[in-house]
Amino acid sequence: MDDNEYGFVKKRINDLLDIDLDNYKERQMRRRLTSYLERANPPDVGTFFNNVEKEEKMLQELKDFLTINVSEFFRDEYQFEKLETVILPELLENRMKIKFWSAGCSIGAEPYTLAIMMEEVMPGLAHTIVATDLDETILKQARAGGPYGQQDVRNVSPDRLAMYFRNEDGKYWVIDKIRDKVNFKRHNLLSDPYEQNCDLILCRNVVIYFTDTAKSKINRGFCNSLREGGILFIGGSEIIFDAAQIGLGVAIPSFYRRVPAGTSPKTAKMGPAN
Ligand SMILES: C[S@@+](CC[C@H](N)C(=O)[O-])C[C@H]1O[C@@H](n2cnc3c(N)ncnc32)[C@H](O)[C@@H]1O
């Protein structure tokens, strides 16, 4: 795909889907789009986008391809165990009310995992879970609390599956008590205003294809959304290279803490010294 064609593709995608490809790593995105178009095999790119504009199914397929909304409950069990045993006990200490934000929540598996965990760790504690995603279609499934397939729940223990899900014709749905704990909203991390006063933000496996500039802007936004001492929970394969400049320090791997202005990022670390 040459520069002219890529420029055209970027414009059409931005107009149709509100996805600004300038924020995505260009070489990778060009390669992916080239093979996508080869598979679709239209007479030319203009015709392809005219068809996409007319056909809802094609539009959704393109959106799914670009946003990669793969998710599952208790994704990366090890990290969720750290959340439950190390991060949450400290965050919840002496607090009457807690606010969580799952950004790029896809089908809702991530915020519902958190809701299940809160039910077990602190059933009585007042808390808000806001969950956002760019993709309104995927949010419909999330809001409904299902249906989820076997793959989506493969990390859920049999006890939790029996307690927090109902099975209808081989598909799983979270029970109403868990479903009602999460408030889903459409939100574009690259252009919409951010939540405020968060205690914990989860943004996992969302920014991996973004440029460093876009990642930095998003992480700065998250830092401002966190109360001092609040935690940003990222994906297992992700690292925030400019954390210190942004005002974040590593609490434990995959968990960054907003450090008070003027203090060393080292104060972010978990442990008795803090
Ligand atoms: C791979 S899923 C991650 C889901 C979940 N966080 C997890 O780790 O299982 C990435 C999600 O990010 C969403 N996303 C991509 N770009 C976004 C943006 N600019 N603003 C908000 N959400 C976005 C996609 O729609 C998709 O649902």
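Colleague: Which residues come nearest to the ligand?
Modeller: Keep in mind that this is a predicted model. T67, N69, S71, G104 and S106 come nearest, out of 22 residues around the ligand.

Colleague: And how does that shell split by class?
Modeller: The shell around the ligand has 9 polar residues, 8 nonpolar ones and 5 charged ones.

Colleague: New topic. How many helices and strands does the chain have?
Modeller: It has 11 helices and 9 strands.

Colleague: Pick a pair of strands. How do β3 and β4 run?
Modeller: They run antiparallel. β3 covers residues 165-168 and β4 covers residues 171-174, with 4 bridges joining them.

Colleague: What stands opposite K171?
Modeller: That's E168; K171 itself belongs to β4.

Colleague: How many residues sit between the two strands, β3 and β4?
Modeller: There are 2, and the strands form a hairpin. In the turn, D169 has a positive phi of about 50°.

Colleague: What about the whole chain? What radius of gyration does it have?
Modeller: The chain has 20 Å. A compact globule of 274 residues would be near 19 Å, so the value agrees with that. As for the box, the C-alpha atoms fill roughly 65 × 50 × 25 Å along the principal axes.

Colleague: How much of the chain is buried?
Modeller: Buried residues are 35% of the 274.

Colleague: Which residues touch the most other members in the largest nonpolar core?
Modeller: Y112, A115, I201, C203, I231, L232 and F233 do, in a core of 55 residues. Helix α6, residues 109-121, gives the most to this core, with 6 residues. There is also another core apart from it, of 6 residues, including V9, L21, Y24 and M29.

Colleague: Why would nonpolar side chains gather like that?
Modeller: In soluble globular proteins, they tend to be buried together.

Colleague: Back to I231. What is it in contact with, beyond four places in sequence?
Modeller: I231 is in contact with I87, L91, L200, A251, F255, Y256 and R257. For the chain, take contacts with a separation of 6 or more: 69% of them join residues 24 or more positions apart.

Colleague: How far apart are A162 and L88 in space?
Modeller: They are 24 Å apart, C-alpha to C-alpha, and 74 residues apart in sequence.

Methods:
Residues numbered from 1 in each chain as written. Predicted model: local features only at pLDDT ≥ 70, side-chain atom pairs only at ≥ 80, totals over all residues. Near = placed C-beta within 6 Å. Nonpolar A, V, L, I, M, F, W, Y, C, P; charged D, E, K, R; others polar. Pairing = 2+ DSSP bridges. Rg over C-alpha atoms; globule rule 2.2 N^0.38 Å. Buried ≥ 20, exposed ≤ 12 C-beta atoms within 10 Å, placed from the backbone. Contact = placed C-beta atoms within 7 Å. Core = buried A, V, L, I, M, F, W, Y, C linked by C-beta atoms within 7 Å.
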